[in-house]
Amino acid sequence: MKRPPASLYAVATLIAALVAVACTTTVPETGRRQVNFLDPAQEASLGLTEFQKMKQTLKISTDPAQNALVQRVGARLSKVMPVPNAQWEFVVFDDPTPNAFALPGGKVGVHSGLFQVSQNEAGLAAVIGHEVAHVVARHSGERLSQNALAGAAVAGAGYLLNKDDRNGAVPTALLGAGALVATKAFSRGQELEADRMGAIFMARAGYDPRESISLWQRFAAWRNKNASGGNTPQFLSTHPLDEKRISELQHYMPEALAEYKG
Ligand SMILES: [Zn+2]
C-alpha cells in the first residue's frame, strides 16, 4: 500500500487537534480540562441500557441489612454528586468478590463481597464516592475520546485520500461509543482524580473523608491475604493499592476535610 504524503498526515493531525479543542470540558472539583466528544445525555443512556442488562443477567442480593445500608449511603451521596442526567439506582449484586461500579446516568452496583472490606458505612461511602467520581468526571468518555483522537490522524489521512471512505476518521471511532460502559481500566491519573473527588463527595454527604484512607489500607490488607498467586480480583487489578495512592489522598485530604461538618 502506498503511503500518503507526509503533508496529509499533518493536515489530519491539525484537524484532530482542532476537534479536540472544540470538545474540551472541565472536570468538576479539580478544574482539569479534558477532551470529550460524547454528549452527557448519550453517555447516560448507554449506562442505563447496560445496567438494565446487568440486572437481568446477574444475581441480585436480597440481604436486607446490606440493601438497607447501600440505599442509605446512596441516598446521602446522590444529593451531593453532580452526575449529568442522573436517574439514581443502587443495587447489591450477589457476588463474593469485593467490587463496586458506577455507570453514567447514576446507576451503581455493589457486590455483596465488598462488605468484608468496606466494613462500615463511611467505608462503603468511600468506595461508592470513588466510583461515582469516575462518572462525574466523565472518565469513560474521556478515554474513548483519547483513543478516537489517537486514531484520528491516521484515519483522517485515509479520509482525505479516499473520498469513498465517508465513515473515516473520528465518526468511526465514535461509533464505538458502546465501549463507553465497558471501559474497565481507567488511567492512573483518572484513578487519583476519582480518589480526590470521592473524598470531597463523602465529606459533603457527612462522612469523615479520612475513612477513605483506611478503606484503601483495608483493601491492601485484604489483597495481601486473599489474592496471592495471580488470583487478583478485577477491581484490585484496576485499582493499584500503593504508597502513591495513599500519599495523594493524604495530600488532598485538607480540601475534603474543609467540606466535612462532622
Ligand atoms: Zn477507580
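Start with helix 3, where V70, V73, G74 and L77 are buried (20 or more other C-beta atoms within 10 Å of a residue's own, with C-beta atoms placed from the backbone; 12 or fewer makes a residue exposed, and anything in between partly exposed). These four cover an arc of only 105° around the axis, which puts them on the same side of helix 3; the arc is taken from the directions from the helix axis to the C-beta atoms. The buried residues of helix 3 pack against strand 3 (89-93), strand 5 (107-111), helix 5 (121-136) and helix 8 (188-204), where a contact means C-beta atoms within 7 Å.

A word on the model: it's predicted, so local features need pLDDT of at least 70 and side-chain atom pairs pLDDT 80 or more, while totals for chains, interfaces and linings use all residues. Residues are numbered from 1 along each chain as its sequence is written.

Now step back. The chain has eleven helices and five strands, which are DSSP runs numbered from the N terminus (H or I, at least four residues, for helices; E, at least two, for strands). Of its 262 residues, 39% count as buried.

Last, look at helix 9 (residues 211-226) and helix 11 (residues 243-257), which pack at about 175° with axes 10 Å apart; axes are lines fitted to C-alpha atoms over the stretch in contact, and angles run from 0 to 180 degrees between N-to-C directions. The two are therefore roughly antiparallel, a label for angles over 145 degrees. Helix 9 brings S212, I213 and W216 to the contact, and helix 11 brings R245, I246, L249 and Q250.

Terms used. Two residues are in contact if their C-beta atoms, placed from the backbone, lie within 7 Å. Angles under 35 degrees count as roughly parallel, over 145 as roughly antiparallel, 65 to 115 as roughly perpendicular and the rest as oblique.
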